[in-house]
Amino acid sequence: MHARRLAVLAVGALCGLALLPPAAASAAFAPLGGFGSYGSGAGQFTGTGGLAIAASGSIYQAGYGDNRIAVYSPQGGFLFAFGDEVAPSGADVCDTASGCQEGNESGNAGGLDQPEAVALDAAGNVFVADYGNNRVSVFSAAGEFLFAFGKDVNESDGSDVCDAASGCDPGAESSLAGGFDNPSGVAVAGGAVFVADSGNARISVFSLAGGFLYAFGKEVKPGGGDVCTEISGCQSGEAGEAAGELDSPADVASVPGGLLAIAENRNRRVAVFTEGGSFVRGLGAGVNVSNGSGVCTTASGCREGPPGAGAGTLGSPVHLTFDRAGGVYVGDTELERVSQFDLGTGFVRAFGAGVVDGAAAFQVCTAICAAGLPLTIAGATPNPYGLAVAGDGTVLVAEEGEAEKGSFARIERFGDLPAPPLPDPPAAPSNKFRFGKLKLNEKAGTATLTITVPGAGSAVLKGNGIKKVKRTAKKAGKLKLPVKLKGKAKEKLLEQGRSAVSAKVTFTPKGGKALTKQKRMTLKKRL
């Protein structure tokens, strides 16, 4: 394990292995669950590297401590792992049925030695930054070794590309064109492979077949120049904090707009370059020389980010990824949190346990931030070495560390909680009323119409030849409506002793919609 990891894992003991519910203060963005555990079996890991998401949604994880690559379903179910003799039978691909073990720390064809990062091309091929072997190893999506590239990796002729037929060696630790000194990050974009060469303070660029194209970093060209080729020759970049200088570039990610985001571990910042190697800007608290802001350019001057834990500060950025909107997420192993930046405007927010006020709960900070806590509760991000954004926009964070009950490892998912369902609208009060009996008073020539109403409301009876009447009901039950004739209908009743009329009854429930029904009736009077 290299010194950077040893220093980070020495930070305090972890506690509370059980996943706890997210704190109410986490608002909409919250931990959504996780998978994986500590160990060397199927679906376990002892030390993690970077993550990558395939077009199918499958999750690829570089197993730094296991010398293998693990593959999970989009939901987090373990599918298989690959590396030199990862199956107890000696096979180079293992699954739950076969059982899994740590891969051999090997420089052979298909072997891995502390793989730090993983990236996928459009065909699904898997590119692995093989830190201990000073090379990039390439596998099919199913884990079959295809080839590797790096200085002198070919066992047969000493050239810079090898496969199973030629045999492979570890790459030579070299600052020459195509050489590596501890490659720790890899990205694939536009038909090219970009490798963060931490020891050489530069980004090296290759074809998808492993042919060296160019490298960029401060003074990587002998005699002066920030871009070098095989023809010009290459050397280690000049490590520094000025604009365009790189100091221990730990990871690289291709971001929208043909740009590259680079996690500068020792400069405590994110550097943004074009794919051709031109410096665009730096991001991180206090990196601007002119005004101390969190975004710097060549014109303003750049410097390393200051120590501390405030908003936008980076302690030890080791891995990064991006979302479709161009947001960059940075795993910070010193501050035990994940910080999000906008490529143009800088810091957006950070999340982890206690990042607002030190409480032992998941929190999100924007303006006032604290270091995260090295806990294992849901939402804590101890040593976030791997990051990826899934197709649904959720953020995956690979975490590891030491806990009171033993070593700890998991991959945790973060995202917006589903919006609570809207409450059902209150049911409209019923207006369904029923007609009852019509009781005649033949002595007076009047009648009483009884209706049954479903609740509180008002009833109106009216019609041609009928005196209008209104009655109010305070609750469900029977309501009596008096019927009295007028005009020609009354004259007919007095002359003939009977008169037929048509009444309209309207019931309007309290807070509801009116319903009108017609009722034909004949009133009688003794003459």
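**Close-up views of a predicted model**

**View 1. A patch of positive charge on the surface is formed by K467, R471, K484, K486 and K490.** The model is predicted; local features require pLDDT of at least 70 and side-chain atom pairs pLDDT 80 or more, whereas totals for chains, interfaces and linings use all residues. Residue numbers start from 1 along each chain as its sequence is written, and side-chain values use heavy atoms, with hydrogens and water left out. Patches consist of residues with over 30% relative accessible area and no salt bridge, like charges being joined within 9 Å and nonpolar side chains (Val, Leu, Ile, Met, Phe, Trp, Tyr) within 5 Å. A salt bridge is a side-chain nitrogen of Lys or Arg within 4 Å of a carboxyl oxygen of Asp or Glu. Lys and Arg count as positive, and the place of a charge is NZ for Lys and CZ for Arg. With 40% relative accessibility, K486 is classed as partly exposed, the category between buried (under 20% relative accessible area) and exposed (over 50%), with a 1.4 Å probe and protein chains only.

**View 2. Five strands form an open sheet in the order β4-β5-β6-β7-β8, with antiparallel pairing.** Strands β4 (51–53) and β8 (93–94) are at the edges and have a single partner strand each, so one side of each lacks a neighbour in the sheet. Pairing requires that DSSP find at least two bridges between two strands. Three bridges link β4 to β5 (residues 59–63) in the antiparallel sense, and L51 is placed opposite Q61 of β5.

**View 3. Strand β31 (residues 406–416) is largely enclosed by the rest of the structure, because eight of its 11 residues are buried.** Strand β1 (residues 29–35) runs antiparallel to β31 and is joined to it by six bridges. P31 has F414 in β31 as its bridge partner.

**View 4. Q114 adopts a positive phi of about 60° although it is not a glycine.** This residue sits in the loop between β8 and β9 (115–120). Q114 is buried, its relative accessible area being 15%.

**View 5. R268, a residue other than glycine, has a positive phi near 50°.** The loop between β20 (259–264) and β21 (269–274) contains R268. A relative accessibility of 18% places R268 among the buried residues.

Methods:
Helices (H or I, at least four residues) and strands (E, at least two) are DSSP runs, numbered from the N terminus. Accessible areas come from the Shrake-Rupley method with a 1.4 Å probe; for residues, only the protein chains shown count as cover.
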